[in-house]
Amino acid sequence: MKFTLKIWRQKNADDKGRLVSYMVDDISPDSSFLEMLDQLNQQLISRGEEPVAFDHDCREGICGACGLYINGRPHGPLKGTTTCQLHMRAFRNGEMIYIEPWRSGAFPVVRDLIVDRSALDTIIQAGGYISVNSGGVPDANTIPVPKPNADSAFDAAACIGCGACVAACPNASPMLFVGAKISHLALLPQGRIEATRRVQQMVAEMDALGFGFCSNTYACQAECPKEISIANIARMNREFLAAKLAAEKEQTGGFTI
Amino acid sequence: MGATGQKTFSSIASKVLMALAGVFLLVFLAVHLGINMLLLVDDGGKSFSAAAGFMSSYPVIRIFELALFGGFLLHIVFGVIVSIRNRWSRPIRYQHKSRSETAPFSKYMLHSGVVVLIFLALHFIDFYFIKIGVVAPPPGIERHDFYSRAVLLFSDTTYSAIYLVSFVVLGFHLNHALQAATQTLGLNHPRYTPLINAASTLYAIIIAGGFMAIPLRFTLFN
């Protein structure tokens with residue numbers, strides 16, 4: 001297969017950056033999107049040009065490292081698929097493909113298609129710890145968990161933190177990510193202990209990092225490669241309101257609404 | 001001040017305040033439509049004038065009027081603040097237009113909100129400012145006579161056209177309103193959320209259709 005690629009090239013964080021056109025030929029319909037880029041990079045290297053920098057790691061859709069904004073959609077045209085699991089057969093032969101980095105003020109471009117997503121880690125860190133006893137391995141099922149809760153917690157925990165929700169959101173809001181992270185702990189007894197504090201700290205950190213606010217367009221849910229539900233955002237809102245309005249004692253200190 | 005030194009409203013608190021004010025405005029629209037429907041009663045405006053007279057004189061309603069202005073102000077101010085913040089959160093925009101699937105009309109709440117706000121300003125000049133005596137009523141019409149005022153306005157095709165367009169836009173705004181508000185307030189349920197989405201659309205159709213029936217009655221079938 002043959003494609004015209006329009007790829008965002010940017011030397012470093014200070015460079016202005018621009019779209020550059022490349023032609024690729026001899027692409028197998030069964031090669032993944034990243035393998036297609038590998039082929040392009042081989043061409044560029046043999047011509048003595050700088051290869052295109054992009055993030056990738058496991059290439060089996062479970063690590064959350066890859067992420068490209070392809071023709072106006074994070075991770076490209078397929079539902080529930082990461083960029084590494086997207087194959088070139090999903091495109092028309094000869095199609096023009098725009099490839100851009102995630103865009104958010106909180107995700108500065110490092111180089112070409114690589115952005116710094118450590119803001120998401122900062123939100124996780126703000127959530128703090130959970131209280132579990134160290135020592136020997138506990139017997140299975142010593143803490144009863146209702147089956148529906150276990151299922152919902154597992155669905156939320158499927159989030160790989162790739163940032164596609166931020167990239168897709170018209171407001172660059174990470175609320176699907178934060179909602180998933182809050183939900184997967186809030187639904188389990190082990191996570192309830194610090195739940196009141198956790199939701200307030202994570203939301204405060206998300207706001208402090210300059211992310212936008214959710215406006216319920218649900219583009220995040222449509223683009224999430226792990227198909228995380230917006231029910232998790234509603235749960236985060238519930239947890240937050242409960243923590244602010246109905247906590248036993250104030251657990252963050254000071255006045256924040 | 002909290003752990004991160006935040007002094008303003010959080011993202012979720014801003015959204016919740018907007019949602020609560022919005023739900024209050026939804027109730028107001030239903031009341032307003034109920035009264036306006038009396039314009040369709042063929043009694044020369046007697047029942048409409050009676051209802052309008054009650055609304056502008058009964059003390060409890062006067063208090064609600066202040067709450068209503070507060071609701072509008074809150075919804076608009078937070079809408080503007082949140083929209084500005086959301087613009088800033090993506091300083092460098094994509095080259096390719098977004099092709100992500102979104103809830104119907106949800107991306108255009110600010111745009112539709114601005115159209116409705118312009119209509120609201122017109123509506124204030126045409127009715128409220130005349131009622132409180134800031135703007136002089138047109139010759140031959142007493143300032144509390146809303147019925148004659150409405151009949152006169154709807155006899156103007158341009159005004160009727162502006163009115164109709166405004167309510168189509170309001171309909172789209174409302175289609176996303178109730179269901180977005182429930183999601184923001186943390187209400188999401190496998191069984192009830194689809195029902196709320198349907199109710200949201202139905203409510204939008206009733207409100208927009210109901211208000212639009214009035215100029216259609218006066219301009220087309222008079």
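I began with A:Asn237, which counts as buried because its relative accessibility is 1%, under the 20% cut-off. The model is a predicted one, and I read it as such. I placed A:Asn237 in helix α9 of chain A, which covers residues 231–245. Next I listed its contacts, leaving out residues up to four places away in sequence: A:Asn237 touches B:Ile12, B:Gln183, B:Thr184 and B:Gly186. I then checked the polar atoms. A polar atom of the A:Asn237 side chain lies 3.0 Å from the backbone oxygen of B:Thr184.

I moved to A:Arg198, in helix α7 (residues 195–208) of chain A.

Last, I looked at the domains. Chain A is divided into domain 1 (3–110) and domain 2 (117–245). Their contact takes 21 residues from domain 1 and 20 residues from domain 2. The C-alpha centres of the two domains lie 29 Å apart. Between them the domains bury about 1500 Å², with 57% of it on carbon and sulfur atoms.

I searched this interface for salt bridges and noted two. I also looked at the pair A:Asp55 and A:Arg117, which forms a salt bridge with its closest N and O atoms 3.2 Å apart.

Technical notes
Residues are numbered from 1 along each chain as its sequence is written. Chains are lettered from A and ligands numbered from 1 in the order in which they are written. This is a predicted model: local features need pLDDT of at least 70, side-chain atom pairs count only at pLDDT 80 or more; totals for chains, interfaces and linings use all residues. Side-chain values use heavy atoms; hydrogens and water are left out. Helices (H or I, at least four residues) and strands (E, at least two) are DSSP runs, numbered from the N terminus. Buried means under 20% relative accessible area, exposed over 50%, partly exposed in between (1.4 Å probe, protein chains only). Contact means heavy atoms within 4.5 Å. A polar contact is a pair of N or O atoms within 3.5 Å; within protein, one must be able to donate a hydrogen and the other to accept it, and residues adjacent in sequence count only if both atoms are side-chain atoms. Domain bounds come from an automatic or database domain assignment. Buried area is the accessible area (1.4 Å probe) that two parts lose on being put together, summed over both. A salt bridge is a side-chain nitrogen of Lys or Arg within 4 Å of a carboxyl oxygen of Asp or Glu.
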